[in-house]
Amino acid sequence: MTDEPTPSRRAFLAGTAAAGAGLVASAAAAQTADPLITEVQPWASAFGDPVDAAPYGMPISFESHVVRRNVEWLTESPVSSINFTPIHALEGTITPQGCAFERHHSGAIELSKTDYRLMINGLVDKPLVFTFEDLLRFPRHITTAFCECAANGGMEWGGAQLEGCQFTQGMIHNMEYTGVMLRDLLAEAGVQTAGKWVYVEGADASSNGRSIPLEKALDDVMVAFFANGEALRKEHGYPVRLVVPGWEGNMWVKWVRRIGVYDQAVESREETSKYTDMMPDGRARKWTWVMDAKSVITSPSPQAPIRHGAGPLVVTGLAWSGNGRITRVDVSTDGGATWTPARISGEARSKALTRFHYDMTWDGSEMFILSRAMDETGYVQPTKQALRDIRGLNNVYHNNSIQTWWVRADGEVENVEIA
Amino acid sequence: LAAAAPLGLGRPALPDEIDAWDVAVLPDGTGLPEGSGDVETGDQVFYDNCASCHGDFAEGLDSWPVLAGGTGTLTDPRPVKTIGSYWPHLSTVFDYVHRSMPFGGAQTLTADDTYAITAFLLYSNGIVEDDFVLTHENFTEITMPNADGFYPDDRAATEYPAFSAEPCMENCRSAAPEVTKRAVDINVTPEDPDGKPAGTLPVIIAQ
């Protein structure tokens with residue numbers, strides 16, 4: 001089966017190009033019958049693939065652009081680095097695991113269920129070791145949550161730098177997790193009254209240890225084994241990761257091997273040197289755990305230009321908040337002068353990606369399109385300038401500002417800042 | 001949210017197992033193993049294990065992390081955040097090096113190696129003299145220069161009230177938008193063969 005158009009199809013395409021010039025595409029009448037309709041195509045006559053061709057299927061080849069991408073210059077080593085989810089090409093809210101972003105500090109390790117051990121120690125009545133089989137015997141829970149890297153959009157603090165929402169907002173994924181509640185595991189060991197923090201670390205060389213206040217640990221933190229219906233992918237922590245709803249992705253410790261209970265925070269490397277946020281006076285915020293309300297229009301966007309001409313246009317995007325449910329998303333097409341509420345499509349779950357749509361008629365002139373999320377606390381997603389006025393330019397993390405796309409008259413779309 | 005009653009799953013962790021995996025060191029010194037190391041030994045251990053990335057003087061080679069210097073730069077346009085200029089606790093240095101360095105060969109340093117490297121990093125940052133000996137007993141006497149440089153998340157006080165007003169819906173701009181920054185001017189995004197941003201959606205129908 002070839003991708004190459006047949007001669008008759010080429011002639012048809014040339015014909016539509018001429019006929020469509022200067023017209024709204026949907027209003028153009030066919031000048032000649034479409035051979036894709038009038039001629040019997042091979043797929044309407046011969047066999048397709050048998051059911052034994054792909055025991056575990058991959059996307060069709062035509063979707064080869066829907067993949068993770070990395071930006072080499074962002075980090076000094078590809079094993080302590082980041083790649084980006086192709087959010088410009090996705091719809092709905094569930095991220096396919098195979099293209100869901102990765103962030104490692106010493107690479108994606110391979111850890112079998114047989115070799116897996118989880119230790120709980122510290123200020124507990126009974127330090128414990130669990131095998132993976134043990135974990136499968138605890139009562140299970142399900143939660144859907146976004147995992148957003150604290151650094152998502154961090155390269156954009158100083159200006160407009162990367163071209164495409166995959167690169168500027170794509171350190172994120174959203175999955176349906178099944179696992180056991182951390183509070184149930186802690187109950188097995190018995191947390192002592194002096195225990196105020198848990199310290200969670202991974203089995204990898206970087207360990208990625210992070211301190212979590214006991215209140216959060218006993219609330220909604222999950223020790224997850226399944227994501228989007230199947231085992232975690234290797235690169236996402238197989239066989240066990242922490243799910244920390246609403247909180248910065250760094251705390252979603254992968255390949256988790258130990259949960260230590262302490263009377264104080266460990267103040268590990270990942271919560272002192274990193275994941276602390278410089279402020280204008282030279283001091284820094286620490287323990288900025290929650291990811292604030294945020295949104296982005298995923299199409300049109302720099303990797304999703306408008307090629308269909310003027311007329312009906314679907315504006316689609318994602319909104320999310322670590323402080324609860326998204327209650328509204330407003331869209332502006334004039335640089336923020338006028339705003340109109342978009343539709344929330346599907347459910348707006350707490351601390352989960354939420355899809356919005358805004359159906360409009362594009363007159364073919366240039367636009368500055370923006371989205372602005374609101375969450376159930378009443379928080380309204382700020383502009384980048386409003387954040388900079390408080391935080392300056394060197395925060396590194398937690399850039400949840402409004403994104404502006406400049407839609408040109410030719411349908412190409414640019415990442416810009418506007419004044 | 002009440003925890004469930006214990007199910008009797010798992011088995012007691014043995015002391016050797018806890019010692020093997022719980023090597024965390026807290027700011028008050030909790031978790032420090034017995035041992036010691038001096039600057040001169042640390043210089044040698046650092047030269048053998050660390051300098052190929054971090055430089056002979058912990059100044060960083062190429063784009064590898066800089067571990068020393070940057071003092072007084074935290075309000076500069078481009079701050080240099082190092083152990084000496086930025087890190088609040090010495091415990092983090094010991095803990096992180098012991099557990100996760102050298103990069104690619106982690107957990108190969110003994111406790112004494114780690115004390116020595118930590119002493120050398122203090123010296124590289126101008127915090128101790130070249131005859132300094134760091135031990136588990138004097139460890140917590142060291143106060144890092146930026147120990148008071150951090151405060152817990154205050155967004156609930158400094159941002160949430162300001163960002164929780166009912167937003168403007170109409171006539172929200174006084175002037176037409178003016179483009180001040182364009183990513184295309186920087187041109188550092190990976191590209192498809194046609195020069196478009198990598199991953200640009202393919203054309204469905206040629207125009």
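**Exercise 1. Start from one serine at the chain boundary: which side chain does Ser207(A) meet in a polar contact of 3.4 Å, and where does Ser207(A) lie?**

Step 1. The side chains of Ser207(A) and Arg99(B) are joined by a polar contact of 3.4 Å. A polar contact is a pair of N or O atoms within 3.5 Å; within protein, one must be able to donate a hydrogen and the other to accept it, and residues adjacent in sequence count only if both atoms are side-chain atoms.

A word on the model before going on: it is predicted, local features need pLDDT of at least 70, side-chain atom pairs count only at pLDDT 80 or more, and totals for chains, interfaces and linings use all residues. Residues are numbered from 1 along each chain as its sequence is written, chains are lettered from A and ligands numbered from 1 in the order in which they are written, and side-chain values use heavy atoms, with hydrogens and water left out.

Step 2. Look along chain A: Ser207(A) sits in the loop between strand S7 (197-202) and strand S8 (210-213). Helices (H or I, at least four residues) and strands (E, at least two) are DSSP runs, numbered from the N terminus.

Step 3. Ser207(A) is buried, at 4% relative accessible area. Here buried means under 20% relative accessible area, exposed over 50%, and partly exposed in between (1.4 Å probe, protein chains only).

Step 4. Not counting residues up to four places away in sequence, Ser207(A) touches Glu201(A), Gly202(A), Val253(A), Arg99(B) and Ser100(B), where contact means heavy atoms within 4.5 Å.

Step 5. Arg99(B) also belongs to a salt-bridge network with Glu201(A), Arg258(A), Asp22(B) and Asp95(B). A salt bridge is a side-chain nitrogen of Lys or Arg within 4 Å of a carboxyl oxygen of Asp or Glu.

**Exercise 2. Describe the contact between chain A and chain B: how many residues does each chain give, and what is the area buried?**

Step 1. Chain A contributes 110 residues and chain B 86 residues.

Step 2. About 8300 Å² is buried between the two chains, with 58% of that from carbon and sulfur atoms. Buried area is the accessible area (1.4 Å probe) that two parts lose on being put together, summed over both.

Step 3. Now for the pairs: the rule finds 51 residue pairs in polar contact across the interface, both residues at pLDDT 80 or more. On the side of chain A that touches chain B, strand S23 (residues 413-418) gives the largest share, 5 residues. That side has 49 nonpolar, 30 polar and 31 charged residues. In this count Ala, Val, Leu, Ile, Met, Phe, Trp, Tyr, Cys and Pro are nonpolar, Asp, Glu, Lys and Arg charged, and the others, Gly among them, polar.

**Exercise 3. Which residues form a salt bridge with Arg285(A), and is Arg285(A) buried or exposed?**

Step 1. Over all chains there are 33 salt bridges, and the count between chain A and chain B is 9.

Step 2. Arg285(A) pairs with Asp154(B), the closest N and O atoms being 2.9 Å apart. Arg285(A) also pairs with Glu159(B), again with the closest N and O atoms 2.9 Å apart. This second pair runs from strand S14 (residues 284-286) of chain A to the loop between helix H6 (155-158) and strand S5 (179-182) of chain B.

Step 3. Arg285(A) is buried, at 1% relative accessible area, and Glu159(B) is buried at 0%.

Step 4. For another pair, take Asp292(A) and Arg155(B), whose closest N and O atoms are 3.1 Å apart. Asp292(A) lies in the loop between S14 and strand S15 (294-299) of chain A and Arg155(B) in helix H6 of chain B, so this pair joins two chains. Asp292(A) is buried at 4% relative accessibility, and Arg155(B) is buried at 2%.

**Exercise 4. Which residues touch the most other members of the largest nonpolar core?**

Step 1. A nonpolar core is a set of buried Ala, Val, Leu, Ile, Met, Phe, Trp, Tyr and Cys residues joined through side-chain atoms within 4.5 Å.

Step 2. The largest core has 65 residues, and Phe130(A), Leu135(A), Tyr177(A), Leu185(A), Leu186(A), Val198(A) and Ile259(A) touch the most other members. Strand S9 (residues 222-227) of chain A gives the most to this core, with 5 residues.

Step 3. Beyond its neighbours within four places in sequence, Phe130(A) has contacts that include Leu135(A), Leu185(A), Leu9(B) and Gly10(B).

Step 4. Helix H5 (residues 182-189) of chain A is largely enclosed by the rest of the structure, because 8 of its 8 residues are buried.
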